[in-house]
Amino acid sequence: MTQAEIKLCSLLLQEHFGEIVEKIGVHLIRTGSQPLRVIAHDTETSLDQVKKALCVLIQHNLVIYQVHKRGVVEYEAQCSRVLRMLRYPRYIYTAKTLYSDTGELIVEELLLNGKMTMSAVVKKVADRLTETMEDGKTMDYAEVSNTFVRLVDTHFVQRCPLVPATENSDTGPPPPAPTLVINEKDMYLVPKLSLIGKGKRRRSSDEDATGEPKAKRPKQTTDNKEPIPDDGIYWQANLDRFHQHFRDQAIVSAVANRMDQTSSEIVRTMLRMSEVTTPSGAPFTQPLSSNEIFRSLPVGYNISKQVLDQYLTLLADDPLEFVGKSGDSGGGMYVINLHKALGSLATATLESVVQERFGSRCARIFRLVLQKKHLEQKQVEDFAMIPAKEAKDMLYKMLSENFISLQEIPKTPDHAPSRTFYLYTVNILSAARMLLHRCYKSVANLIERRQFETKENKRLLEKSQRVEAIIASMQATGAEEAQLQEIEEMITAPERQQLETLKRNVNNVFLNFILELFIASVWK
Amino acid sequence: MVFPIGCLNPQAPSIMASRGGGRGCGRGQLTFNVEAVGIGKGDALPPPTLQPSPLFPPLEFRPVPLPSGEEGEYVLALKQELRGAMRQLPYFIRPAVPKRDVERYSDKYQMSGPIDNAIDWNPDWRRLPRELKIRVRKLQKERTTIILPKRPLKTTEDKEETIQKLETLEKKEEEVTSEEDEEKEEEEEKEEEEEEEYDEEEHEEETDYIMSYFDNGEDFGGDSDDNMDEAIY
């Protein structure tokens with residue numbers, strides 16, 4: 001883990017879980033797998049605090065534990081999982097676009113709580129939805145359960161590993177920690193629950209609460225009195241599936257930009273058909289026959305089979321090689337080359353970054369070197385048709401930022417510099433990794449800046465909050481327009497600043513996706 | 001013996017001369033043909049850098065504007081909401097409030113934070129290692145298993161008991177040690193029970209009143225400012 005990533009993890013943990021969890025989490029990321037006492041000793045925090053922090057981290061799938069010999073339990077943090085926390089809003093927004101508000105709230109609850117049982121999720125979401133509905137209407141549990149089942153069927157939500165059922169637990173002492181197992185087949189198996197009920201509104205004068213006098217309300221909720229039917233079956237959000245979805249979206253929009261709407265629809269259909277059959281790291285999808293694609297096209301599209309075949313041939317012949325032809329049976333078997341597609345997307349990202357940072361002439365040189373793979377200094381000047389001095393300058397600028405690298409080819413075994421070729425080349429993988437690292441660093445910087453701005457303007461922000469409250473109360477009693485306007489104007493400037501930094505924060509994250517997926521694909 | 005810095009090998013004056021000569025006129029001789037890299041003869045090299053590069057170098061090109069629009073705005077609002085929501089959840093662990101310089105009477109009545117460092121939410125303990133569970137000392141009528149009985153209130157009763165224990169030990173020096181140990185354990189257990197009951201009673205008495213009714217007493221003295229002649233006690 002690079003220093004920038006560790007810094008970003010620390011900032012994220014601090015924002016979302018507080019300082020104690022941050023200290024423990026960062027220590028684990030830095031030092032790897034450690035047992036409980038060592039953590040407490042090294043971080044100089046009390047044992048109780050460490051236990052609390054570890055419970056929180058394990059609940060949110062950020063730390064895993066393993067039982068080693070002699071009963072020692074070691075805890076290990078997952079840095080990449082912590083970095084995913086940056087993307088929570090994206091995941092929630094995706095769920096909203098696919099499954100509307102219900103889906104959005106389900107995913108939000110799962111992300112905020114780490115893991116939950118289905119009945120707990122359904123109840124909470126129904127309550128939340130009921131709050132936003134008009135008076136008198138309530139949300140039925142059945143509807144929420146349906147959306148939940150749909151989310152599971154499309155693999156957006158998956159089961160957590162289970163505690164194995166031990167029948168002979170009284171023979172030996174129970175192990176210090178359970179070993180959780182999960183069966184591939186069971187990961188998306190929804191238990192048969194009959195959740196009947198409606199969402200409740202949280203109001204002080206609720207009809208349901210009249211039965212129990214408030215003074216003696218027991219601390220436990222009413223759930224604990226009834227046995228929970230799906231006890232022990234926990235669900236979590238399947239982040240890989242979301243990443244797959246983002247990747248598919250990127251590919252479809254790339255095809256739409258390059259060709260036209262119809263071809264992008266065809267590609268989208270192909271991707272949808274292979275959503276659940278293709279494992280996440282596969283280089284290409286399962287082969288699909290042209291007949292199958294024709295049958296699965298969305299209902300609105302009535303293009304003839306011949307036109308579809310023409311489009312497919314066109315896509316397969318395209319130099320970008322998003323779609324490839326793998327056989328001729330069934331009217332032609334077509335696959336989508338996922339790794340190649342990701343590579344092209346990553347290259348396009350790099351090109352656009354070079355263009356925005358250094359100018360279009362630099363971008364021309366960059367694309368040239370990409371295309372020709374290895375070029376000498378003189379050749380670059382000739383091919384790009386840029387005067388020598390400028391070309392030199394640009395090449396060295398890009399070299400210093402590590403977008404371009406030098407490859408030495410010695411003519412003699414003693415590597416004498418006067419008798420060695422020096423060729424400029426672009427190593428896409430390392431350039432992508434460098435860019436990703438830079439993204440993480442800039443996100444960390446932005447978070448710091450936002451915290452700084454918040455602290456600076458804290459007084460002003462608090463004032464604005466009070467002003468808003470005053471305005472609301474004044475509006476209720478009916479006050480003059482002018483007064484209200486005057487008060488509102490006081491708060492615009494720092495608010496705007498805040499918003500700017502926040503925005504930059506969020507949007508920097510977008511660049512990350514494609515690069516990460518590309519790097520992950522090459523590694524696997 | 002002090003060697004001049006430039007002269008390390010007195011037996012090779014020719015090399016020294018050329019190096020000195022090279023430094024004197026034009027650029028120094030480098031190990032490779034500089035033309036291959038693109039520095040022609042007579043070109044002026046950029047001046048050497050004597051300080052680290054500036055922290056915020058001026059940008060040649062303006063950065064691309066941020067993506068705005070419906071999706072961007074919604075995601076932004078979501079992020080703000082999420083951050084706020086996470087602070088309210090029980091997973092957000094706040095460091096313990098540092099004790100103020102003087103122990104105040106109201107501290108006993110303001111229950112800030114969970115009892116005994118336990119966590120606010122209930123995880124499924126079957127899924128977690130056993131060592132992570134923090135046992136909470138429960139103030140219940142029935143006696144629950146307590147691992148480390150804490151003795152914060154050393155009252156006179158305890159002192160008397162310990163004195164008695166010491167006296168009995170002195171008297172029974174000649175007896176077998178195992179018997180002594182058994183007796184000690186019994187006495188300790190009795191002490192635990194008695195002390196525990198005592199603790200519970202005390203605590204129960206203290207919390208008979210509803211917490212919110214308790215008045216800090218900090219407002220006292222600020223109200224009655226009518227007669228400034230009398231001193232306020």
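In chain B, residues 24 or more positions apart account for 48% of the contacts with a separation of 6 or more, a contact being a pair of heavy atoms within 4.5 Å. This is a predicted model, in which local features need pLDDT of at least 70 and side-chain atom pairs count only at pLDDT 80 or more, while totals for chains, interfaces and linings use all residues. Residues are numbered from 1 along each chain as its sequence is written, chains are lettered from A and ligands numbered from 1 in the order in which they are written, and side-chain values use heavy atoms, with hydrogens and water left out.

The secondary structure of chain B consists of 5 helices and 0 strands, in the order α-α-α-α-α from the N terminus. Helices (H or I, at least four residues) and strands (E, at least two) are DSSP runs, numbered from the N terminus. Of the 233 residues of chain B, 15% count as buried. Buried stands for under 20% relative accessible area, exposed for over 50%, and partly exposed for the range in between (1.4 Å probe, protein chains only).

Two residues bring the chains together. B:Tyr74 belongs to helix α3 (residues 70-88) of chain B and, with 27% relative accessibility, is partly exposed. Leaving out residues up to four places away in sequence, B:Tyr74 touches A:Tyr93, A:Lys96 and A:Glu104. From the other chain, A:His16 in helix α1 (residues 3-17) of chain A is buried, its relative accessible area being 5%. Apart from neighbours within four places in sequence, A:His16 is in contact with A:Met85, B:Arg83, B:Met86 and B:Phe92.

A:Lys96 and A:Glu104, both touched by B:Tyr74, also pair with each other in a salt bridge (3.4 Å, N to O). A salt bridge is a side-chain nitrogen of Lys or Arg within 4 Å of a carboxyl oxygen of Asp or Glu. A:Lys96 forms a salt bridge with A:Asp101 as well, with the closest N and O atoms 2.9 Å apart. A:Lys96 is partly exposed at 25% relative accessibility, and A:Asp101 is partly exposed at 38%, whereas A:Glu104 is buried at 7%.

Over all chains, the structure holds 17 salt bridges. A network of them links A:Glu108, A:Glu109, A:Lys124 and A:Arg128. Another salt bridge joins the side chains of A:Glu351 and A:Arg367 (3.7 Å, N to O). This pair links distant parts of the chain, with A:Glu351 in helix α13 (residues 338-358) of chain A and A:Arg367 in helix α14 of chain A, 16 residues apart. A:Arg367 is partly exposed at 37% relative accessibility.

Beyond residues up to four places away in sequence, A:Glu22 touches A:Ser10, A:Leu13 and A:Gln14.

Helix packing in chain A can be followed at two places. The axes of helix α6 (residues 88-113) and helix α8 (residues 141-153) of chain A come within 10 Å and cross at roughly 75°. Axes are lines fitted to C-alpha atoms, for helices over the stretch in contact, and angles run from 0 to 180 degrees between N-to-C directions. A:Tyr99, A:Thr102, A:Gly103, A:Ile106 and A:Val107 of α6(A) make the contact with A:Val144, A:Thr147, A:Phe148, A:Arg150 and A:Leu151 of α8(A). The residues of this contact divide into 6 nonpolar, 3 polar and 1 charged. Here Ala, Val, Leu, Ile, Met, Phe, Trp, Tyr, Cys and Pro count as nonpolar, Asp, Glu, Lys and Arg as charged, and the others, Gly among them, as polar.

Helix α14 (residues 360-372) and helix α16 (residues 388-400) of chain A have axes that come within 10 Å and cross at roughly 75°, which means that α14(A) is roughly perpendicular to α16(A). A:Arg361, A:Cys362, A:Ile365 and A:Phe366 in α14(A) meet A:Glu390, A:Ala391, A:Met394, A:Leu395 and A:Met398 in α16(A). The residues of the contact of α14(A) with α16(A) comprise 7 nonpolar, no polar and 2 charged.

Notes: Angles under 35 degrees count as roughly parallel, over 145 as roughly antiparallel, 65 to 115 as roughly perpendicular and the rest as oblique.
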